[in-house]
Amino acid sequence: MEILVCVKRVPDTAENEFELNSAGNDLDRDDLVYSVNEWDNYAVEEAIQIVDNVGGSVTVVTVGDDESEEVLRREMAMGANNGVLLSDEAFEGSDGKGIAAILKAEIEKGKYDLILTGAQADEGAGQVGGMLAAMLDYPYASLVNKIEAVDDAVIKVGREIEGGNQEMNEIQLPSVLSIQTGINEPRYVGIRGIRKVASVDIPVKGAGDLGIDAAKVGDAGAKTKRVDYFVPDLGEGAEMLEGSTDEIIEKLIEKLKAKGGL
Amino acid sequence: MTQIFAYIPFKNGNAEDVALEYPAAAEKIDPSASLTAVVTGTGPDVDAVAEEMTKTYKEVIKISHADLAYPNAELVRKALTDALPHDAVILVPHDTFGMDLAPGLSVKMDAAYAADIVDFEGIDSNALKMIRQELGGAVYTHVTSDISTGAVITIRPGSFAPTEAGSAGGTVIDKSSEVKDLAAKRKFLEVVVAEVGDVDITKSDVLVSVGRGIEDEENIELAQELAEAMGAVVSCSRPIVDAKWLEKSRQVGTSGQTVKPKVYLAMGISGSFQHLGGVKGNPFIVAVNKNPKAPIFQVADVGIVEDILEFIPELTEAIKSQ
């Protein structure tokens, strides 16, 4: 099976405390720690496991700048066979549809049976996979937490739905799936693994290589645009307990007793 | 005039809560907009839900088809693409069904797409201004969508005040015949119901709930000791189940269990909306997190900025010595 996994370099929510810049309209991006989107690691791991079972190859692709190459190398260190970087000034400011259109152009240059994305990334929209599928007229399933190959033409797919239940579907290939965390246990990538792929060639393709009309992607083609970042006035929030740890614990125990927690 | 269509999901003949939240959302998009409910399904269920919606909506579009018995997003997308105008604003809940349906629907409608909207700030010459969150709720953003060629928008359930189901006296318009071919490359097979675990966290009045801040599997024991001292039960957020440190049946959230405790201790939990969506009944929430900016502090009653790995053992000792 030929599998393409779409990945993204994102600010790491576990490693950063997010602050606004001095103008108050964007994140303070100095010193932000970036990594590969958490969901994408599960997608790459799943792709590797499928190929281990039935043969084929895994290609990882991203739309981004030069720095995005590092996330492709990380996923190749996990075991992806190939990487492709889609990069062009014309791609900057793309909305979800712009990103999906760029990926579609690359997909049509290859021959993939299965295309995986993470269920969502830093923006939390969960949009690119579903758009890509609709643009390609491929079937789609989101929030996938189980994949079973049936034969060359059909897979059985479990989707996570409300209440911890699982919705089982039969899907024709080629198809696009967005992968939910927890579907597998992504393998650890050590320094040695990264070194092994450090000098592997990763082709870079721009709008011209992909035959994309620059006016239809990027900021020019975006129907949905981010205006700013801001901190809303959310009211007072929690009563913060302060003081020494002993003092905090004393206050907390009083409150827990009053509320029936002890 | 802006035309707004609200997709009404339902189960067993009962519309989901979001059905009563759309009117407030539509009012904020454009107070002069028309608002129409859209119900798809088959048999007596879809008839009953369409009829029920006439109490809240002036106009209800019903699409009844045997193939729509289960809400397969690919089929629902085709039905909506056939039956609705392509320059309208279509509202869908941002849940596991909406995420399956809406992005592809926006492509087929050739419309703008905006996801997981928590508030609207009105339309200024075709630009609809909205509020959403990024980075797991750590930051808010304003976004605009050019709605001149329509828009598909998912709204976060629970973000808009529900209206009272009133007596709108609406009419049902049957558009079933406008739906053409419903062939799909995806076939629904069955729903596998979640396994019941060793402990039923929904039955406990006090929950000690752990998140990413617990850092390591062996630290789960700290939470178990605290729960034991309090007579409580240990629950958790999604990353703990993903890491297989606790069973899925202990997960609180929209994709896990819905709990209604009296007291909820959120230990090292950032407080994503998916997690908080599983905490109902307005419990007394205590949040302990080393990140003072964690979103959980906005919803908690009491907040403590500490590292749970140091705080939990001390709290356990203090409770034991009482």
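Two residues are in contact here if their C-beta atoms, placed from the backbone, lie within 7 Å. By that rule, the contact between the two chains takes 66 residues from chain A and 70 residues from chain B. On the side of chain B that touches chain A, strand β9 (residues 139-146) gives the most, with eight residues. That side of chain B divides into 33 nonpolar, 17 polar and 20 charged residues. For these classes, Ala, Val, Leu, Ile, Met, Phe, Trp, Tyr, Cys and Pro count as nonpolar, Asp, Glu, Lys and Arg as charged, and the others, Gly among them, as polar.

Before going further, a word on what you're looking at. This is a predicted model, in which local features need pLDDT of at least 70 and side-chain atom pairs count only at pLDDT 80 or more, while totals for chains, interfaces and linings use all residues. Residues are numbered from 1 along each chain as its sequence is written, with chains lettered from A and ligands numbered from 1 in the order in which they are written. The model scores ipTM 0.94 and pTM 0.94. Chain B has a mean pLDDT of 95, with 100% of its residues at 70 or more; pLDDT is the predictor's confidence in each residue, from 0 to 100.

Now the chains themselves. Chain A comes to eight helices and 13 strands, and chain B has nine helices and 17 strands. Helices (H or I, at least four residues) and strands (E, at least two) are DSSP runs, numbered from the N terminus. The C-alpha trace of chain A spans about 65 × 45 × 40 Å along its principal axes, and that of chain B about 70 × 45 × 40 Å. Of the 262 residues of chain A, 47% count as buried; for the 322 residues of chain B, the figure is 54%. Buried means that 20 or more other C-beta atoms lie within 10 Å of the residue's own, exposed means 12 or fewer, and partly exposed is in between, with C-beta atoms placed from the backbone. Among contacts with a separation of 6 or more, residues 24 or more positions apart account for 68% in chain A and 66% in chain B.

B:A6 counts as buried because it has 27 C-beta neighbours inside 10 Å. Leaving out residues up to four places away in sequence, B:A6 touches B:Y22, B:L35, B:A37, B:V38 and B:L91. B:A6 and B:V39 are 33 residues apart in sequence, with 8.7 Å between their C-alpha atoms.

Helix α4 (residues 128-136) of chain A and helix α4 (residues 98-108) of chain B have axes that come within 7 Å and cross at roughly 40°. Axes are lines fitted to C-alpha atoms, for helices over the stretch in contact, and angles run from 0 to 180 degrees between N-to-C directions. The two helices are therefore oblique to each other; angles under 35 degrees count as roughly parallel, over 145 as roughly antiparallel, 65 to 115 as roughly perpendicular and the rest as oblique. On the chain A side, the contact is made by A:G130, A:M131, A:A133, A:A134 and A:M135, and on the chain B side by B:P103, B:G104, B:S106, B:V107 and B:K108.

How enclosed is α4(B)? It is largely enclosed by the rest of the structure, because 10 of its 11 residues are buried. Among those buried are B:P103, B:G104, B:S106 and B:V107, which also sit in the contact with α4(A). Just after α4(B), B:D110 takes a positive phi of about 50°.

Back inside chain A, α4(A) also meets helix α3 (residues 96-107), with axes that come within 9 Å and cross at roughly 50°. The contact includes A:I99, A:L103 and A:I107 of α3(A) along with A:M131 and A:M135 of α4(A). By class it has 10 nonpolar, one polar and two charged residues.

One more helix pair links the chains. The axes of helix α8 (residues 245-258) of chain A and helix α9 (residues 308-320) of chain B come within 10 Å and cross at roughly 55°. A:T245, A:I249 and A:I253 of α8(A) make the contact with B:F311, B:E314, B:L315, B:A318 and B:I319 of α9(B). By class, that contact has six nonpolar, one polar and one charged residues.
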